[in-house]
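I opened this notebook to record what I looked up in one structure.

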Amino acid sequence: FCEAFYSEMKTVFDEPIFSELKKKPDFRLPTISAAVVICKSNYPFALAHEVGEERLAQAKRMAKAQPGQLGAVNFEVILGSQVGGEAETGSVRRTLRPYWIGTAPQKQGMGVEALLTQRFELRILANKRRAQLRELYHDVPDNKQSEEWTAWKAAQAALQKRIQRNEKNGEAVKNALASLGGDQHGWYEVDRVHDGQAWLGHGLPDLIELWDFSFALDRDPRDYEEV
């Protein structure tokens, strides 16, 4: 939707009537951001709407801090009857949300297309391994200087070694870790103006959370069946 909105606005502003307006140095094409909340149909609507408003506000703040981008998308997957998750604030975070529509500016996060690409590439990953990765990244310490971080890194290395027993699985996970992180020893350095501090994040926990809802629209769902 955000991409279609931008494309239509571009078509509109290509009309000759806007030629003088587009010459102004502060001119920017109109963009739009979005938030998606995924939950069961019997989940309280007021709570889902509240979570959506919070996630949309985060996306808008990020987009407004970088004018000229295509906008941003944020999301929350609510499992069971849980309340929507709190926004993470530590120096290490299990997320890169919100995601940009299109190419992300340097150190500002990642484009949502990266999640869709890696979802397809990881279609071969065994469910057991995905569950192990979910558990591993759920327990990431928020301080790289702690003893807990050292222990977590050892657990990560041990799991990767087990995954690599299957060559195809090992290569797919290695590529995903590099694509969804990778700036600082496997993590993406984020330095957004509106955050007030730099932090390290990773897109793999986001992808695992969004696993069943991250199919690319230009692919046949059957393409995601295990190969």
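The entries below treat the pockets and then the salt bridges.

**Entry 1: the model.** I note that this is a predicted model, in which local features need pLDDT of at least 70, side-chain atom pairs count only at pLDDT 80 or more, and totals for chains, interfaces and linings use all residues. Residues are numbered from 1 along each chain as its sequence is written, and side-chain values use heavy atoms, with hydrogens and water left out.

**Entry 2: the largest pocket.** I recorded the terms before the values. On a 1 Å grid over the protein atoms alone, a pocket is an open set of points where a 1.4 Å probe fits, with protein on both sides within 12 Å along at least five of seven lines, and lining residues have an atom within 4 Å of a point. A volume is the space filled by probe spheres set on the points, which are joined across faces, edges and corners.

I found about 750 Å³ of space in the largest pocket. It is lined by 25 residues, and Ile101, Val112, Leu116, Phe215 and Leu217 are the closest to its centre. Helix H1 (2–13), strand S1 (34–38), strand S2 (72–77) and helix H3 (113–121) each give two or more residues to this lining. Helices (H or I, at least four residues) and strands (E, at least two) are DSSP runs, numbered from the N terminus. H3 contributes the largest share, six residues. By class, I noted 18 nonpolar, two polar and five charged residues.

**Entry 3: the second largest pocket.** Here I found about 570 Å³ of space. Of its 22 lining residues, Val77, Arg134, His138, Pro205 and Glu209 are the closest to the centre. This lining has seven nonpolar, four polar and 11 charged residues. Asp, Glu, Lys and Arg count as charged, Ala, Val, Leu, Ile, Met, Phe, Trp, Tyr, Cys and Pro as nonpolar, and the others, Gly among them, as polar.

**Entry 4: salt bridges.** How many salt bridges does a search of the whole structure find? I recorded eight, each being a side-chain nitrogen of Lys or Arg within 4 Å of a carboxyl oxygen of Asp or Glu.

Arg97 and Asp206 meet in a salt bridge at 3.8 Å, N to O. Arg97 lies in the loop between strand S3 (92–93) and strand S4 (99–100), and Asp206 lies in helix H7, 109 residues apart. Both Arg97 and Asp206 are buried (under 20% relative accessible area; exposed is over 50%, partly exposed in between; 1.4 Å probe, protein chains only). A network of salt bridges links Arg55, Glu76, Arg97 and Asp206.

I also noted Glu20 with Lys23, at 3.2 Å between the closest N and O atoms. Glu20 is exposed at 52%, and Lys23 is exposed at 62%.
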